[in-house]
Amino acid sequence: QVQLVESGGGLVQPGGSLRLSCLASGNINSAYAMGWYRQAPGKQRELVATISSGGTTNYADSVKGRFTISRDNAKNTVYLQMNNLKPEDTAGYYCNANRRSWGVVYDYWGQGTQVTVSS
């Protein structure tokens, strides 16, 4: 089992910045791909950014150039640096860890952290 705990959310004004952290524990290793997803009220959960075990990153078009995902395997932590935040970034942000091994998919989610962008 893998446990994921997000932190760093909060209320920020438009144009501000936040850094989210996701601490992984349990049976986790660097072979897992990690990602951040978000879900706003009344909307489906959507991908924000992912980072592979090798460090390859992928971003939603809506956050490219503003958000940066990174990972510190020694600390079992993945980060999401969010700059120039917009009201439409308001959502619950969820950390994900996943890997495939011998045909079995291992997929874990955190409980989420709320980000609210408002003046």
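A: Here is a short chat about cysteine pairing and backbone angles. Keep in mind that the model is predicted.

Q: How many disulfides does the count come to?
A: The count comes to one disulfide. It joins C22 to C95, with an S to S distance of 2.1 Å.

Q: Where in the chain are C22 and C95?
A: C22 is in strand β3, residues 18-26. C95 is in strand β9.

Q: Is C22 buried or exposed?
A: C22 is buried, at 0% relative accessibility. C95 is buried as well, also at 0%.

Q: Why flag that?
A: Most residues other than glycine have a negative phi.

Q: Where does N76 lie?
A: N76 lies in the loop between β7 (67-72) and β8 (77-82). Its relative accessible area is 30%, so N76 is partly exposed. The cut-offs put buried under 20% and exposed over 50%.

Q: And what about the phi of N84?
A: N84 also has a positive phi of about 50 degrees, and it is not a glycine. N84 lies in the loop between β8 and β9 (91-101).

Q: How accessible is N84?
A: N84 has 43% relative accessibility, so it counts as partly exposed.

Technical notes
Residues are numbered from 1 along each chain as its sequence is written. This is a predicted model: local features need pLDDT of at least 70, side-chain atom pairs count only at pLDDT 80 or more; totals for chains, interfaces and linings use all residues. Side-chain values use heavy atoms; hydrogens and water are left out. Helices (H or I, at least four residues) and strands (E, at least two) are DSSP runs, numbered from the N terminus. Buried means under 20% relative accessible area, exposed over 50%, partly exposed in between (1.4 Å probe, protein chains only). A disulfide is a pair of cysteine sulfur atoms within 2.5 Å.
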